[in-house]
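Dear colleague,

Please find below the structure that I am handing over to you.

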Amino acid sequence: MTYMGSGDPDPQLTDYYPAWLDNLAGDVTLEGSAMDGFVQGAEAVRTVVVAIRTLYDYQKLNFAGPYGDHGWLEDYTAGVRGEPISNVTLVTRNAAGQAQHIVGNYRPRSTLLLLSRLVGEHFASTPYGGHFLASEP
């Protein structure tokens with residue numbers, strides 16, 4: 001079983017930037033498989049998403065595009081400390097077109113736990129730290 005996707009990435013996705021990250025509703029929520037609970041608010045969501053992206057060794061987008069009437073879907077593979085990880089992110093937009101709810105679903109579990117621990121270490125002394133795994137004693 002592989003988590004690296006197949007084929008070459010779409011050249012249009014090579015320099016992809018998630019535009020929804022710059023258009024967050026004030027009360028936007030972020031939840032996902034690497035965290036317990038959720039974070040809420042544009043600053044909190046942006047802070048967590050940007051921190052997660054800095055932990056990737058690489059990122060290869062397989063798909064990014066509209067999903068339904070108010071959604072945006074991203075499917076990508078990445079590396080975290082040399083381990084493969086894949087993610088499907090669903091962004092639901094409100095009537096104003098702002099990102100209202102974001103869900104990130106990572107796999108495999110082993111790398112998901114590594115990522116959660118690294119994010120937890122990064123945010124250990126902040127209100128966000130409790131949503132992620134604590135470092136081992």
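Among the contacts in the protein with a separation of 6 or more, 46% are made by residues 24 or more positions apart. Please keep in mind that this is a predicted model. Of the 137 residues of the protein, 42% count as buried. The protein exposes about 7,600 Å², and carbon and sulfur atoms supply 53% of that area.

The secondary structure comes to two helices and six strands. Along the sequence, these elements follow the pattern β-β-α-β-β-β-β-α.

I turn next to the sheet. The six strands form an open sheet with mixed pairing, and their order is S2-S1-S6-S5-S4-S3. At the edges are strand S2 (38-40) and strand S3 (58-67), each of which pairs on one side only. From one strand to the next, the twist averages 15°.

S3 and strand S4 (residues 71-80) pair in the antiparallel sense, over nine bridges. In this part of the sheet, Gly65 stands opposite Leu73 in S4. S4 is also paired with S5, again in the antiparallel sense, over ten bridges. Here Gly79 has Pro84 in S5 as its bridge partner. The two strands S4 and S5 form a hairpin with two residues between them, and Arg81 in the turn has a positive phi of about 50°.

The pairing of S5 and S6 is antiparallel and runs over eight bridges. The bridge partner of Leu90 in this pairing is Val103 in S6. S5 and S6 form a hairpin as well, with five residues between the strands, and Gly97 takes a positive phi near 85° there. As a general point for reading any such sheet, the side chains of a regular strand alternate between the two faces.

How do the helices lie relative to the sheet, and which strands do they meet? Helix H1 (residues 42-54) lies across strand S1 (24-32), S2, S3 and strand S6 (99-107), and runs at about 45° to S1. Helix H2 (residues 109-122) packs on the sheet and touches S4, strand S5 (83-93) and S6. The direction of H2 makes about 75° with that of S5.

The largest nonpolar core has 35 residues, of which Leu24, Ile102 and Tyr106 touch the most other members. Two or more residues of this core come from each of S1, H1, S3, S4, S5, S6 and H2. H1 gives the largest share, seven residues. Leaving aside residues up to four places away in sequence, Leu24 touches Ala42, Val45, Arg46, Gln98, Ala99 and Ile102.

Finally, there are the aromatic rings. A pair of such rings is described by the distance of the centres and the angle of the planes. Counting rings whose centres lie within 6.5 Å, there are two aromatic pairs. Why is the pair of Phe123 and Tyr128 described as edge-to-face? Planes over 60 degrees apart count as edge-to-face. The ring centres of Phe123 and Tyr128 are 5.4 Å apart and their planes stand at 85°, so this pair is edge-to-face. Both Phe123 and Tyr128 are buried.

With kind regards

How values were computed: Residues numbered from 1 in each chain as written. Predicted model: local features only at pLDDT ≥ 70, side-chain atom pairs only at ≥ 80, totals over all residues. Heavy atoms only, no water. Phe/Tyr/Trp six-rings, centres within 6.5 Å; stacked < 30°, edge-to-face > 60°. Buried < 20%, exposed > 50% of the residue type's maximum accessible area, 1.4 Å probe, protein only. Pairing = 2+ DSSP bridges. Helix = DSSP H or I, 4+ residues; strand = E, 2+ residues; numbered from the N terminus. Axes fitted to C-alpha atoms, helices over the stretch in contact; angles between N-to-C directions. Contact = heavy atoms within 4.5 Å. Areas by Shrake-Rupley, 256 points an atom, 1.4 Å probe, with all protein chains shown as cover. Core = buried A, V, L, I, M, F, W, Y, C linked by side-chain atoms within 4.5 Å.
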